[in-house]
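User: I would like to learn how the terms for a protein model are applied. Please take me through one case.

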Amino acid sequence: MNERDVRLPDGEAITPPLGQGTWMMGEDPSRRAEEIATLRRGLDLGLTLIDTAEMYGDGASEEMVGEAIRGRREEVFLVSKAYPQNASEARLPDACRRSLRRLGTDRLDLYLLHWRGNVPLGETVVAMERLKRDGLIRNWGVSNLDTDDMEELSAADGFGCQTNQVLYNLTRRGVEWNLLPWMSSRGIPAMAYSPIEQGRLLSHPEFALLAEGLSLSPARLALAWLLERPGVIPIPKAGSVAHVEDNAGALDVRLDEETRTFLDKLFPPPTHRTPLEMI
């Protein structure tokens, strides 16, 4: 196991701890071939965690991912997410089976509650554990849950939770105040979505200048910073083969103390508790 690899609470290692996101992919037929080629190139580079959701394109992203991984399913750590209104005992099994059909597989490696809705967390725990017993999912987790929600989940016997997928990047560091420490103390890693702030970090003048001085792309620098955070798995989306190749290069980057200090000045860590941000 590499020193950067991240382990889930059940002991499974995510190697490497860098995935491929698919938000807003699969929706434009003219881009489908390029998106599929990009995901496959990511697999070639070892980025075997692919994250999608039933919400993305109302299932279109899952269908595109299914096509991309056809013939390569055993290489993939496949993650999808359920709408909160589908997270009940009555509805979650059907939602899961629909996702499986779109993805062309018989199981998910990780199934997440996309965000919290009106279904009690305890009921979602029961539904997730039943899917696990039935072999439709290997494990489950959550997304967009703040510290109070995670405490409530634990109180509802949610000890099987393997991750919490949250908005986290250099410009969104509020989770460092209490959520990430709470998760770390329980061995629960974070999946960081929108790790480049949907591309907005790329146009930050001082950040771009710093990256240029380090002979890195801004995207690679942003991902390298996240990869140094313990227990964090960034899941950037790549729109092209060149883009996913650049993302994968972040795994080889090691930042020095001067760079870390400068990044803290550009994007200061939190000084107080703030509500969990979402996009």
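Predicted model: local features only at pLDDT ≥ 70, side-chain atom pairs only at ≥ 80, totals over all residues.

User: Why is the contact of Arg-32 and Glu-67 called a salt bridge?

Analyst: A salt bridge needs a side-chain nitrogen of Lys or Arg within 4 Å of a carboxyl oxygen of Asp or Glu. For Arg-32 and Glu-67 the distance, N to O, is 3.0 Å. That is within 4 Å, so the name applies. The search of the whole structure finds 26 salt bridges.

User: Which parts does the pair of Arg-32 and Glu-67 tie together?

Analyst: Arg-32 belongs to helix H1 (residues 32-44) and Glu-67 to helix H2 (residues 60-68), so the pair ties together parts 35 residues apart in sequence. Helices (H or I, at least four residues) and strands (E, at least two) are DSSP runs, numbered from the N terminus.

User: Are Arg-32 and Glu-67 buried or exposed, or in between?

Analyst: Buried means under 20% relative accessible area, exposed means over 50%, and partly exposed is in between, with a 1.4 Å probe and protein chains only. Arg-32 has 26% and Glu-67 has 28%. Both values lie in between, so both residues are partly exposed.

User: What makes Arg-116 and Asp-149 a salt bridge?

Analyst: Their N to O distance is 2.8 Å, which is within 4 Å. Arg-116 sits in the loop between strand E6 (110-113) and helix H4 (121-133), and Asp-149 sits in helix H5 (residues 147-155), so the pair ties together parts 33 residues apart in sequence. Arg-116, at 29%, is partly exposed. Asp-149, at 17%, is under the 20% limit, so Asp-149 is buried.

User: Where in the chain are Glu-228 and Arg-260, which also meet in a salt bridge?

Analyst: The side chains of Glu-228 and Arg-260 meet at 2.8 Å, N to O. Glu-228 is in the loop between helix H8 (218-227) and strand E10 (232-234), while Arg-260 is in helix H10 (residues 257-266), 32 residues apart. Glu-228, at 23%, is partly exposed. Arg-260, at 27%, is partly exposed too. Elsewhere, salt bridges that share partners join Glu-12, Arg-73, Asp-109 and Arg-138 into one network.

User: How do you know that the buried residues of H7 line one face?

Analyst: The buried residues of helix H7 (residues 205-213) are Phe-207, Leu-210 and Ala-211. Seen down the axis, they fall within an arc of 100°, so they line one face of the helix. The arc is that of the directions from the helix axis to the C-beta atoms. On the other side of H7, the exposed residues are Pro-205, Leu-209, Glu-212 and Gly-213.

User: What makes a space a cavity?

Analyst: On a 1 Å grid over the protein atoms alone, a cavity is a set of points where a 1.4 Å probe fits but cannot get out, and lining residues have an atom within 4 Å of a point. A volume is the space filled by probe spheres set on the points, with grid points joined across faces, edges and corners. The count is two cavities of 30 Å³ or more.

User: Which residues line the second largest cavity?

Analyst: Among them are Gly-19, Met-25, Leu-39 and Lys-237. Strand E3 (20-21) and helix H9 (241-249) each supply at least two lining residues.

User: Why do Met-24 and Ser-194 get a mention for phi?

Analyst: Most residues other than glycine have a negative phi, and most peptide bonds are trans. Phi of Met-24 is near 70°, a positive value. Phi of Ser-194 is near 50°, also positive. Met-24 lies in the loop between E3 and H1, and at 43% counts as partly exposed. Ser-194 lies in the loop between strand E9 (190-193) and H7, and at 10% counts as buried.

User: Which residues does a cis peptide bond join?

Analyst: The cis bond joins Thr-15 and Pro-16, with omega about -5°. Pro-16 lies in the loop between strand E2 (13-14) and E3.

Definitions and conventions: Residues numbered from 1 in each chain as written. Heavy atoms only, no water. 1 Å grid on protein atoms, 1.4 Å probe; cavity = no way out; pocket = protein on both sides within 12 Å on 5 of 7 lines; lining within 4 Å.
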